[in-house]
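Please read the briefing below alongside the sequence and the coordinates. It takes up the sheet, the helices and a few single residues in turn.

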Amino acid sequence: MIHELRIYHCVPGRLPALLKRFETITLKLWEKHGIRQAGFWTVLVGSSNQDLYYLLEWESLAEREQKWNTFATDPEWLTARAKTEEDGQIVASVENLLLAPTAFSAVK
């Protein structure tokens with residue numbers, strides 16, 4: 001199992017718009033494309049409270065490439081994303097890490 005940690009650094013004040021987009025649009029499209037999430041987090045205490053952290057689960061890099069690319073080019077997603085950004089950009093930058101569990105990890 002491969003986990004993908006994605007960190008979205010929001011434009012100041014736009015985290016609520018990002019959370020709403022995930023809750024009402026993105027997760028439904030991920031389900032359509034077979035993308036599995038392992039959890040979402042916002043920062044309670046830390047360097048920025050304008051960030052969203054989440055984990056995705058993949059069986060392989062090939063699965064990730066196929067499903068993520070299909071989602072990223074889905075016309076329904078492209079239209080919905082554009083509509084949610086009519087009031088301005090939501091995400092300033094994204095960090096992306098593909099993680100492999102250690103032999104002693106509780107999460108495999």
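Which residue of β3 stands opposite H3? The residue that stands opposite H3 in β3 is E57. This is a predicted model, in which local features need pLDDT of at least 70 and side-chain atom pairs count only at pLDDT 80 or more, while totals for chains, interfaces and linings use all residues. Residues are numbered from 1 along each chain as its sequence is written, and side-chain values use heavy atoms, with hydrogens and water left out.

**The sheet**

- Four strands, in the order β2-β3-β1-β4, make up an open sheet with antiparallel pairing; strands (E, at least two residues) and helices (H or I, at least four) are DSSP runs numbered from the N terminus, and two strands pair if DSSP finds at least two bridges between them.
- The edges are taken by β2 (36-42) and β4 (91-99), each of which has a single partner strand, so one side of each is left without a neighbour in the sheet.
- From one strand to the next, the twist averages 15 degrees.
- Strand β3 (residues 51-58) is joined to β2 by six bridges and to β1 by eight bridges, running antiparallel to β2 and antiparallel to β1.
- Besides H3, which stands opposite E57, R36 also stands opposite E57 in β3.
- Six of the eight residues of β3 are buried, which leaves the strand mostly covered; buried means under 20% relative accessible area, exposed over 50%, and partly exposed in between, with a 1.4 Å probe and protein chains only.

**Helices and their packing**

- The axes of helix α1 (residues 15-33) and helix α3 (residues 75-84) come within 11 Å and cross at roughly 170 degrees, where axes are lines fitted to C-alpha atoms, for helices over the stretch in contact, and angles run from 0 to 180 degrees between N-to-C directions.
- α1 and α3 are therefore roughly antiparallel to each other, a term for angles over 145 degrees, whereas those under 35 count as roughly parallel, 65 to 115 as roughly perpendicular and the rest as oblique.
- On the α1 side this contact is made by R21, I25, T26, L29 and K32, and on the α3 side by E76, W77, A80, R81 and T84, contact meaning heavy atoms within 4.5 Å.
- Both α1 and helix α2 (residues 61-72) lie across β1, β2, β3 and β4, with α1 running at about 15 degrees to β3 and α2 at about 120 degrees to β3.

**Single residues**

- H3 is found in strand β1 and counts as buried at 8% relative accessibility.
- Not counting residues up to four places away in sequence, H3 touches residues including A38, L55, E57, L98 and V107.
- Although H3 and A100 are 97 residues apart along the chain, their C-alpha atoms are separated by 6.6 Å.
- R64, which lies in helix α2, counts as buried at 15% relative accessibility, and its contacts, leaving aside neighbours within four places in sequence, are E4, R6, W58, N69, N96 and L98.
- A82 is found in helix α3 and counts as partly exposed at 46% relative accessibility; A82 and L55 are 27 residues apart in sequence and 24 Å apart in space, C-alpha to C-alpha.

**Annotation**

- In the model, the end C-alpha atoms of residues 4-105 lie 15 Å apart, and the span is 40% helix and 30% strand.
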